[in-house]
Amino acid sequence: MAEIRSTLDLIMERTKNFTLTDEEKRALDAKERKDRIRGWCRRYLDGALTIAELKENMDRERASAPEASSLLREECLSHINPEQDNGKIFLVLEEVLGANNTGLAELIGDYQEELRRCRSTAGKEALEMLAARGIRGSAVLPNPQQSPSWQARAAAARQKFQEQLYRVR
């Protein structure tokens, strides 16, 4: 009678002679390292990992792979959102990587200032448009975010920020 074997047994039998080349092993290690660092960063940003634990994990990782710092920096920079609080990301960059965040903070500040200027301009344009229709008064508050010109300016400002952030990387 034939022996009934599990799927795992069949797979193991068919792949027993397969081996990875050194290049494939390095690529696999690099991918696992990147995924591990991405997971630590995500857990830290979600509040499931403290800065001390992240620093400890990174110290161990850097001992075996010096490129771990650049991977964490890339991961942190990919989470930068100039319209939200980036305090946790700045803390990682300062505490874990020892980076100076002055340039990054200025870049975010410049973006926010550009957005304020765009919002102000779009608001004035909306008020002028409403006044041309005969709608005036101190109670009239335009919503510049509904303006196509605001959306175009905001998109241009975001694009400019992303390009400058890419240069920082």
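I37 has a relative accessibility of 1%, so this residue counts as buried, where buried means under 20% relative accessible area, exposed over 50% and partly exposed in between, with a 1.4 Å probe and protein chains only. I start there and work outwards. This is a predicted model, in which local features need pLDDT of at least 70, side-chain atom pairs count only at pLDDT 80 or more, and totals for chains, interfaces and linings use all residues. Residues are numbered from 1 along each chain as its sequence is written, and side-chain values use heavy atoms, with hydrogens and water left out.

I37 sits in helix α2; helices here are DSSP runs of H or I with at least four residues, strands are runs of E with at least two, and both are numbered from the N terminus. Leaving out residues up to four places away in sequence, I37 touches M58, E61, A68, L71 and L72, contact being heavy atoms within 4.5 Å.

Now the helix itself. Helix α2 covers residues 22-46, and at 1.5 Å a residue its 25 residues should span 36 Å, which agrees with the 36 Å between its end C-alpha atoms. The expected span is 1.5 Å times one less than the number of residues. The buried residues of α2 are R33, I37, W40, C41, Y44 and L45. An α-helix has 3.6 residues a turn, so residues three or four places apart point the same way. What do the buried residues of α2 pack against? They pack against α3 (51-64), α4 (68-78) and α5 (87-96). After α2 comes G47, with a positive phi near 90°.

Next, the pairing of α2 with α3. The two helices pack at an angle of about 170°, and their axes are 10 Å apart. Axes are lines fitted to C-alpha atoms, for helices over the stretch in contact, and angles run from 0 to 180 degrees between N-to-C directions. That angle makes α2 roughly antiparallel to α3; the term applies over 145 degrees, with under 35 roughly parallel, 65 to 115 roughly perpendicular and the rest oblique. On the α2 side the contact is made by R33, R36, I37, W40 and Y44, and on the α3 side by I51, L54, N57, M58 and E61. These residues divide into six nonpolar, one polar and three charged. Nonpolar covers Ala, Val, Leu, Ile, Met, Phe, Trp, Tyr, Cys and Pro, charged covers Asp, Glu, Lys and Arg, and the others, Gly among them, are polar.

Two residues of α3 deserve a word. L54 is in helix α3 and is buried, with a relative accessible area of 0%. Which residues does L54 touch, not counting those up to four places away in sequence? They are W40, Y44, L49, V92 and V96. L54 and E95 are 9.9 Å apart, C-alpha to C-alpha, and 41 residues apart in sequence. N57, also in α3, counts as buried at 11% relative accessibility. Neighbours within four places aside, N57 is in contact with W40 and L49.

Last, α4 and α5. Their axes are 9 Å apart and they pack at about 160°, which makes α4 roughly antiparallel to α5. L72, R73 and C76 of α4 meet I89, V92, L93 and V96 of α5. That contact divides into six nonpolar residues, no polar and one charged.
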